[in-house]
Amino acid sequence: MQRFDNVDVLAALNTIMKQNTGFYQSDFKYDKEIIARAAASPDAADKTLLWLSRPSGTHCFKEGDVFLKDTGAHNTWRFHKEQTRDRVLAYAVEITGVEDGKIRGNLCELDYAQHYQRVKEQSIPADMVRLTYAYGEKEQPVKDFFDSSPDPRLGKYQGYEILPNDPEALRDVLQAEKRSRDDLTPGDFKAHVAALHDRLIENEARRIVERMKGLDNPNSPNKTHFMVELSPAFMQLANTKDTDRLFSMLPYKTLSFSKIKDRHGTYALIGKDESRDKEIRKPRRSIRAQLAADKKTAAPKKAAAKSKRHEMEV
């Protein structure tokens, strides 16, 4: 795990999102609002956020809320580990200020599985929430519904604060999280994004190979091929070069990518007689490695390769 200091927070998160979130990128609009409010807040506790990207959407929460049991932030953060097999990219966002109209801060990469375990084991009970309005405040059980509607007596809704049963215990948990982030190795953000893109393609190749192994019988419409649909989220993010790289990593001699009549999506197909007991081919050298090499030596540019087509009619 790495940290990336003094970045343009919104631009960096938007770039990361585009390596993983194929659908509902509009969720990021709400993340930007949360981040803007945090940047404007005078409360230092508001300036550390937890953000995650999944194939269908994003989430952004105050770090303290995620570590409070039974809150919406806590339950959502755990849900994607407990109830899905989604690829999740997770980061802590430490907002440090605003420069030239841009929100600046540090992004700290999180191992989502390990972070989930800490959230599960170390979160603090919180039974009450304080709602703030234009003309006062009120407290209610955190499990009771509330929204941003005005209060007949207190006026316009302004915000909320979830109240931990043991504030000192929550403070200790958050301080330990801060120390763990401080120990992370500073990274090169461009190389990090390139590595995320490499993993996006490699993960899709591994998924297709495992799905092929799990098929008992040819499942193409005419029963002459085994087929697996390319992930719709992957296809939303991939360009032609990405699908060419994916094709090159799949270990099948009879492989083709094709549309299927009367079905949505694109499918990887192999002949019914080809062995499916194979692993992906060794990935091409990662862009991360190429970027590192480029710093040491300047290689002559090669002519752009023409795009390949790997399609057939089924």
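Me: What makes one face of strand E6 (residues 128-133) the covered one, and which residues sit on each face?
Reply: In this predicted model, Val129, Leu131 and Tyr133 make up the covered face of E6, while Met128, Arg130 and Thr132 lie on the uncovered one.

Me: How do you know which strands pair with E6?
Reply: Pairing takes at least two bridges between two strands. E6 has 6 bridges to strand E7 (residues 136-141) and another 6 to strand E8 (residues 157-163), so both clear that cut-off. E6 runs antiparallel to E7 and antiparallel to E8 as well.

Me: Why is helix H9 (residues 240-249) called mostly covered?
Reply: Count its buried residues: 7 of the 10 in H9 qualify. Buried means under 20% relative accessible area, and the ones that pass are Asp242, Thr243, Asp244, Arg245, Leu246, Phe247 and Met249.

Me: Why are E10 and E11 said to stand at the edges of their sheet?
Reply: That open sheet holds 3 strands in the order E10-E12-E11, paired antiparallel. E10 (225-229) and E11 (256-259) each have a single partner strand, so one side of each is left without a neighbour in the sheet. On average, neighbouring strands here are turned by 35° against each other, ignoring direction.

Me: And how do you know that E11 pairs with E12?
Reply: There are 4 bridges between E11 and E12 (residues 266-271), which run antiparallel, and at least two are needed, so the pair counts. One example is Ser258, whose bridge partner in E12 is Tyr267. Helix H7 (residues 189-214) packs on this sheet, touching E10 and E12, and its direction makes about 140° with that of E10.

Me: What makes Asn6 partly exposed?
Reply: Asn6, in strand E1 (residues 2-8), has a relative accessible area of 41%. Buried is under 20% and exposed is over 50%, so a value in between is called partly exposed. Asn6 also has a positive phi of about 55°, although it is not a glycine.

Me: Why is Asp70 called partly exposed?
Reply: The relative accessible area of Asp70 is 44%, again between the 20% and 50% cut-offs. Asp70 sits in the loop between helix H3 (63-66) and helix H4 (72-82), and it too is a non-glycine with a positive phi, here about 70°.

Me: How confident is the predictor across the protein, on average?
Reply: The average pLDDT is 91, and 90% of the residues score at least 70. Over residues 299-314, though, the pLDDT is below 50, and this stretch has 19 contacts in the model beyond near neighbours in sequence. Where pLDDT is low, the predicted coordinates should not be read in detail.

Methods:
Residues numbered from 1 in each chain as written. Predicted model: local features only at pLDDT ≥ 70, side-chain atom pairs only at ≥ 80, totals over all residues. Heavy atoms only, no water. Buried < 20%, exposed > 50% of the residue type's maximum accessible area, 1.4 Å probe, protein only. Helix = DSSP H or I, 4+ residues; strand = E, 2+ residues; numbered from the N terminus. Axes fitted to C-alpha atoms, helices over the stretch in contact; angles between N-to-C directions. Contact = heavy atoms within 4.5 Å. pLDDT = per-residue confidence, 0-100.
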